[in-house]
Amino acid sequence: MNIKIGLTNRYGYELIAYPFNGGACPDNGEKIAPLEGKGELTIASGENAIIDVPGMGSLLVQFLGEQKLENFHDRACESPSEFDQYEQMALLRYKTTELYWRFPSSDDAQLELSVNDIGTVCLDKVLSGEARRVSLPEFFIPPVFLPSGVDEQESQAE
């Protein structure tokens with residue numbers, strides 16, 4: 001099974017994809033969307049790719065298969081949502097924003113992204129499954145490393 005990401009480039013630069021399959025750093029990238037054009041990125045289960053948006057940073061696409069982000073599911077509900085029922089997962093991370101995408105195992109899953117004229121990555125359409133914006137920590141620091149009292153303040157704030 002693969003995921004396919006259609007990419008529309010309205011930005012002033014070509015978009016390059018770097019496949020990080022098996023965790024190995026690629027020697028060079030592949031032009032995925034020409035200047036003012038369209039392209040498609042295909043990623044197999046368990047593989048990753050980074051799309052470079054010049055001057056803005058990288059968009060990480062991780063196809064994580066059957067893994068779930070447990071904190072983002074209706075575990076306590078008697079009837080979980082359809083989102084919880086999808087078997088496959090991909091995670092897209094850009095800057096400090098994450099997109100959690102779940103979809104069925106039946107066919108190749110697809111979504112469409114675009115990069116607008118100022119370099120913002122936009123979710124245009126989810127063609128398979130559902131997607132939700134989530135917030136994941138960039139750097140997790142366990143409470144044992146925090147000054148005393150900080151973890152109490154954080155739990156009260158929640």
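A salt bridge is taken here as a side-chain nitrogen of Lys or Arg within 4 Å of a carboxyl oxygen of Asp or Glu. By that criterion, Arg 93, Glu 98 and Glu 138 are linked in a network of salt bridges. The structure is a predicted model, in which local features need pLDDT of at least 70 and side-chain atom pairs count only at pLDDT 80 or more, while totals for chains, interfaces and linings use all residues. Residues are numbered from 1 along each chain as its sequence is written, and side-chain values use heavy atoms, with hydrogens and water left out.

**Overall architecture**

The chain contains two helices and eleven strands, where helices (H or I, at least four residues) and strands (E, at least two) are DSSP runs numbered from the N terminus. Read from the N terminus, the order of these elements is β-β-β-β-β-β-α-β-β-β-β-β-α. Along the principal axes, the C-alpha atoms fill a box of roughly 50 × 40 × 30 Å. Of the 158 residues, 32% count as buried; buried means under 20% relative accessible area, exposed means over 50%, and partly exposed lies in between (1.4 Å probe, protein chains only).

The accessible surface of the chain comes to about 9,400 Å², and 48% of this belongs to carbon and sulfur atoms; these areas come from the Shrake-Rupley method with a 1.4 Å probe, and for residues only the protein chains shown count as cover. When contacts (heavy atoms within 4.5 Å) are taken between residues at least 6 apart in sequence, 59% of them join residues at least 24 apart.

**Charges and salt bridges**

The chain carries 12 positive and 26 negative side chains, and the centres of the two sets lie 5 Å apart. For this count Lys and Arg are positive and Asp and Glu negative, with His and the chain ends not counted, and each charge is placed at NZ of Lys, CZ of Arg, CG of Asp or CD of Glu. A search of the whole structure finds four salt bridges, among them the pairs tabulated here.

| Salt bridge | N to O distance |
|---|---|
| Asp 108 and Lys 4 | 3.9 Å |
| Arg 93 and Glu 98 | 3.2 Å |
| Glu 138 and Arg 93 | 3.9 Å |

Asp 108 and Lys 4 meet through their side chains in a salt bridge. Because Asp 108 sits in the loop between β8 (97-103) and β9 (109-115) and Lys 4 in strand β1 (residues 2-9), this pair ties together parts that are 104 residues apart in sequence. Asp 108 is partly exposed at 32% relative accessibility, and Lys 4 is likewise partly exposed, at 24%.

Val 61 is found in strand β6 (residues 57-65) and, at 0% relative accessibility, counts as buried. Leaving aside residues up to four places away in sequence, Val 61 touches Ile 3, Ile 5, Ile 43, Glu 47, Asn 48, Ala 49, Leu 91 and Leu 92. The C-alpha atoms of Val 61 and Glu 78, which are 17 residues apart along the chain, are separated by 32 Å.

**A nonpolar surface patch**

Phe 139, Ile 141, Val 144 and Phe 145 make a nonpolar surface patch of about 510 Å². Patches are made of residues with over 30% relative accessible area and no salt bridge, like charges being joined within 9 Å and nonpolar side chains (Val, Leu, Ile, Met, Phe, Trp, Tyr) within 5 Å. Val 144 lies in the loop between β11 (130-134) and α2 (150-157), and at 68% relative accessibility Val 144 counts as exposed.

**Backbone angles in two loops**

Most residues other than glycine have a negative phi. Glu 36 has a positive phi, near 55 degrees, and is found in the loop between β3 (30-33) and β4 (38-44), where Glu 36 is exposed with a relative accessible area of 56%. Lys 95, also not a glycine, has a positive phi of about 60 degrees and is found in the loop between β7 and β8.
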